[in-house]
Amino acid sequence: MPKAAAIYARISSDPEGDRLGVTRQVEDCRTMAERRGWPVADTYVDDDVSAYSGKHRPEYQRLLADMRAGTVDAVVVWHLDRLHRHPRELEEFFEVCDGAGVRSMASVTGDTDLATHDGRFLARILGAVARKESDDKSRRITRKHEEMARSGRLVRNSTRPFGYRDDFRTIEPAEAAAIREAVARLRAGDSLRGIATDWNERGIRTVRGGPWKVQVLRRMLASARISGQREYKGEIVATGHWEPIITPEDTARVRAVLAGATRTTTRTVRRYLLSGGLLRCGVCESVLVARPRQDGTRRYLCAKGPGLPGCGRVAIVAEPLERFIEAAVLYRLDTPELAAALDGATPPDDDGERANLAADRAQLEELASAYGEKLVTFPEYLAARKPIEARIEAAKRRLARLTRTEAITPYVGKAGALREAWADLPLTRQRAIVASILDRVVVAPAARGRNRFDPDRLEPVWRV
Ligand SMILES: [Zn+2]
């Protein structure tokens, strides 16, 4: 049983104010020492307001000296990250512990037996994680300085963000409404290009008074600012102190949608409702591709040729096929089967999914920094990374599926309204609606001698 425990606390320079004050740290440590029956010999408090620049900490040095001198034989800290910030410091601390025979170590936020190999390994990992937090924090500070600069003297020189007034924090109602509408449309399957075109036609201008370009719109809609969050290099680091226009969950969804879209939007706008994997060849199961006839008649076919997987035996004229599928989709929207199928799937509660995804990503970062600190070997790092990445991929797929369901939920049982609006919907949105209900249509070869559209060739496979 230790005879003289030391309490170590550090005043953290925390701009967000989300850390415990030093009084509370010391109180918690005292309670912990009492519970263990360790008499407290002294309390050491460093003022670390000058951030984690590795400045010398006189009280920490005094603690090490007292340990070496043998006047302290146990240490209580609130969290290990209060004790050290750099691996170098931690190793020095271990050396002092070994030299002085100090084996009793307690932290309020979790016990660590620094006498054992495992305990020290854990301490090293925690140290690596703490260092990452510290890096994030210095990023937040940089960002804060930038914010202060922007809302201070430089305001008149710089441009206000879209959706906000000149004070950068008060919502501009008309622009905010446009943003919310755009987010809803994006989530329902509309394209950035479609939204930009629409805004430009309606006279919605950028803050500089110009028309919207796709990339500018993308940046604005994906920005953390509009959901009242701060970001640094695309990563959300803190909650801002201005009014949010959309929720942080909206921002997460927008980013998910845009991340999924980057793969396909580089192509020109789809003129073919059923391209992109919805049609399959009834002979070889290849995806039918959009390929007009010489005379311009739109057509899908199983493409045969060098580098193409198809058999070339199936082709179908697009127009009547698309009309037929549209009608089938609209019909299916009103069926009890669809309502029942969606009943189990909606409302899409994706918050838990999102939380898991965030946790997995955080774990991946921790692992990376542990590798960076040489706490794990490269093969170990790779092996540990694999299952986490697999989980992240699976979660992303599930989220994409939930987003897809969102495209139709407003229309279930209301096919009449959708039927009226259908022709005016952008193709991307029509496509999102079709794809959310229909998995694929298998198209059989045309019967000999029949030129007219023949629904018997089609075998739809419904998703819901
Ligand atoms: Zn084929």
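Contact here means heavy atoms within 4.5 Å. The model is predicted.

**Glu 92**

Glu 92 sits in helix 4, which spans residues 87-100. Leaving aside residues up to four places away in sequence, Glu 92 touches Leu 64 and Arg 68. Leu 64 is 28 residues from Glu 92 along the chain, and their C-alpha atoms are 9.2 Å apart.

Cys 284 and Cys 311 link distant parts of the chain, 27 residues apart. Cys 284 lies in the loop between strand 7 (279-281) and strand 8 (289-290). Cys 311 lies in the loop between strand 11 (308-309) and strand 12 (315-317).

Two residues with relative accessibility values:

| Residue | Relative accessibility | Class |
|---|---|---|
| Cys 284 | 29% | partly exposed |

**Helices 6 and 7**

The axes of helix 6 (residues 173-187) and helix 7 (residues 192-202) come within 10 Å. They cross at roughly 150°. Angles over 145 degrees count as roughly antiparallel, and helix 6 and helix 7 are therefore roughly antiparallel to each other. The crossing is right-handed. Helix 6 contributes residues including Ala 178, Ile 179 and Leu 186 to the contact. Helix 7 contributes, among them, Leu 192, Ile 195 and Trp 199.

Terms used
Residues are numbered from 1 along each chain as its sequence is written. This is a predicted model: local features need pLDDT of at least 70, side-chain atom pairs count only at pLDDT 80 or more; totals for chains, interfaces and linings use all residues. Side-chain values use heavy atoms; hydrogens and water are left out. Helices (H or I, at least four residues) and strands (E, at least two) are DSSP runs, numbered from the N terminus. Buried means under 20% relative accessible area, exposed over 50%, partly exposed in between (1.4 Å probe, protein chains only). Axes are lines fitted to C-alpha atoms, for helices over the stretch in contact, and angles run from 0 to 180 degrees between N-to-C directions. Angles under 35 degrees count as roughly parallel, over 145 as roughly antiparallel, 65 to 115 as roughly perpendicular and the rest as oblique. A crossing is left-handed if the near helix is turned anticlockwise from the far one by less than a right angle, and right-handed if clockwise.
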